[in-house]
Amino acid sequence: MIIEGVPFQVADWSGWPETRHAGETGFALWRTLEAGNIRVRMVTYSPGYQADHWCSRGHVLLVLEGELVTELSDGRVFQMTAGCSYQVAEGAEPHRSRTTSGARLFIVD
């Protein structure tokens, strides 16, 4: 990853504005910082959240709290708890996530 056009910046996520995104079930709350060629997000999934689409965007994702299940379009399924992460390239393997109990994530893409 080459990060370009991003000056040094400290983000206090506790005061960052949230946007709400509906899932197939449940919802996600995003706190988003866009700078240069990257997007950085602190995301909270509600209990019962299920993504409403397959995503092909590249990410680095870290589970901060809770449990997350990520499914790939080829049928593989990965269960992750706090401290687990994944990384996937742009356009590599379509994926979608769900959670039973809720989760908090840190995502860079």
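Helices (H or I, at least four residues) and strands (E, at least two) are DSSP runs, numbered from the N terminus. This is a predicted model, in which local features need pLDDT of at least 70, side-chain atom pairs count only at pLDDT 80 or more, and totals for chains, interfaces and linings use all residues. Residues are numbered from 1 along each chain as its sequence is written, and side-chain values use heavy atoms, with hydrogens and water left out.

**Gln 50**
- Gln 50 sits in the loop between β3 (38–45) and β4 (59–72).
- Gln 50 is buried at 15% relative accessible area, where buried means under 20%, exposed over 50% and partly exposed in between (1.4 Å probe, protein chains only).
- Beyond its neighbours within four places in sequence, Gln 50 is in contact with Gly 23, Glu 24, Thr 25, Arg 96, Ser 97 and Arg 98 (contact means heavy atoms within 4.5 Å).

**Glu 67**
- Glu 67 belongs to strand β4.
- Its relative accessible area is 49%, so Glu 67 is partly exposed.
- Not counting residues up to four places away in sequence, Glu 67 touches Met 80, Thr 81, Thr 99, Ser 101, Gly 102 and Ala 103.
- Leu 29 is 38 residues from Glu 67 along the chain, and their C-alpha atoms are separated by 16 Å.

**Val 6**
- Val 6 lies in the segment before β1 (19–22).
- Val 6 counts as partly exposed because its relative accessibility is 33%.
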